[in-house]
Amino acid sequence: MTRGSSTARAAGIVTLVVVGLLGSAYVLGRSLVPDQTPRHTTGVTTNADGPHYADQPSIGEPSGSPSANASASPTRSGPAETGQDGIGRDAGGDNLFGAHTTTGSPRLALTFDDGPDPRYTPQVLALLREYDVHATFCVVGENAQNHPELVQSIVDDGHTLCNHSWQHDVGLGTRSADAIRSDLLRTNAAIRAAVPNAPIVWYRQPGGAWTYPVVSVARQLGMTPLHWSVDPSDWDLPGASKITATVLTQAQPGSVVLLHDAGGNRQGTVDALRRILPDLTSRFELEALPTDPT
């Protein structure tokens with residue numbers, strides 16, 4: 001072996017060693033640098049301006065309370081009503097565990113959820129009185145407790161009362177039978193504290209999230225489950241014109257119309273009602289749901 005070839009071989013070995021050391025240093029350096037890859041969250045963020053319980057007061061807050069407009073309900077994960085939390089259905093997916101969706105007659109029923117509310121319930125009552133229309137009010141227990149005078153006004157005007165749970169708990173149907181019973185009884189007690197002799201024979205599950213347990217307990221307590229057949233999504237604040245158009249185009253004999261008199265800004269619903277009532281009363285006979293449903 002010549003001196004030149006030995007030198008070349010030595011240089012090659014040195015080069016390999018240097019490359020190996022550099023590679024090791026690079027790997028070590030990368031391990032010390034924080035991962036800069038963006039992380040993607042899978043949850044839905046909330047903020048102080050999010051919806052109250054479906055556009056309504058948050059859990060634990062009565063309608064109109066200072067914090068009612070500043071926090072989102074933990075039981076709401078999407079838009080309100082019309083199955084925003086998944087309308088409860090049986091395994092076949094084609095019914096509501098027996099909840100009523102029509103009046104069972106040619107008459108049409110207007111229903112108002114989530115009240116009473118001192119801002120909007122009196123306006124709704126005044127309009128119904130003007131057109132001599134009786135309706136059904138599905139009241140939230142804590143709001144009934146906070147505004148018993150409005151519950152009394154509802155009954156004095158000849159309207160029917162409906163239990164709508166204590167705090168608009170969309171997840172109530174997933175709880176134990178004892179928890180469901182306690183919630184509904186507490187709501188009935190608040191209503192009866194305002195109107196001791198008024199019958200409470202209807203129950204509407206918040207969000208339409210029906211389950212067999214909540215239907216079963218309601219029936220055991222003498223209340224008939226009440227759903228709806230016309231929903232203008234007024235909880236989503238679409239505006240009076242859209243609310244009006246939806247109700248007037250979808251209403252038919254036997255319809256149960258879902259509206260809201262509380263739970264957020266309901267002026268659009270009140271304004272729509274001024275347009276809805278003249279038309280509906282010219283085409284249908286409107287009724288409060290009976291207090292002795294079969």
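Which residues of helix α6 (residues 212–220) are buried? In this predicted model, in which local features need pLDDT of at least 70, side-chain atom pairs count only at pLDDT 80 or more, and totals for chains, interfaces and linings use all residues, the buried residues of α6 are Val-214, Val-215, Ser-216, Val-217 and Ala-218, where buried denotes under 20% relative accessible area (1.4 Å probe, protein chains only). Residues are numbered from 1 along each chain as its sequence is written, and side-chain values use heavy atoms, with hydrogens and water left out.

Helices (H or I, at least four residues) and strands (E, at least two) are DSSP runs, numbered from the N terminus. The buried residues of α6 pack against α5 (177–194), β4 (200–203) and β5 (224–225), contact being heavy atoms within 4.5 Å. The N-terminal end of α6 is capped by Thr-211, a side-chain oxygen of which lies 3.3 Å from the backbone nitrogen of Val-214, and α6 is followed by Gly-222, whose phi is positive, near 85 degrees.

Helix α2 (residues 121–130) and helix α8 (residues 267–283) have axes that come within 10 Å and cross at roughly 5 degrees, the axes being lines fitted to C-alpha atoms over the stretch in contact, with angles running from 0 to 180 degrees between N-to-C directions. Helix α2 is therefore roughly parallel to α8, a term for angles under 35 degrees. The contact involves Gln-123, Val-124, Leu-127 and Leu-128 of α2 together with Gln-267, Val-270, Leu-273, Arg-274 and Leu-277 of α8.

The axes of α2 and helix α4 (residues 148–156) come within 11 Å and cross at roughly 10 degrees, so α2 is also roughly parallel to α4.

Terms used
Parallel < 35°, antiparallel > 145°, perpendicular 65-115°, else oblique. Buried < 20%, exposed > 50% of the residue type's maximum accessible area, 1.4 Å probe, protein only. Polar contact = N/O pair within 3.5 Å; in protein donor to acceptor, adjacent residues only side chain to side chain.
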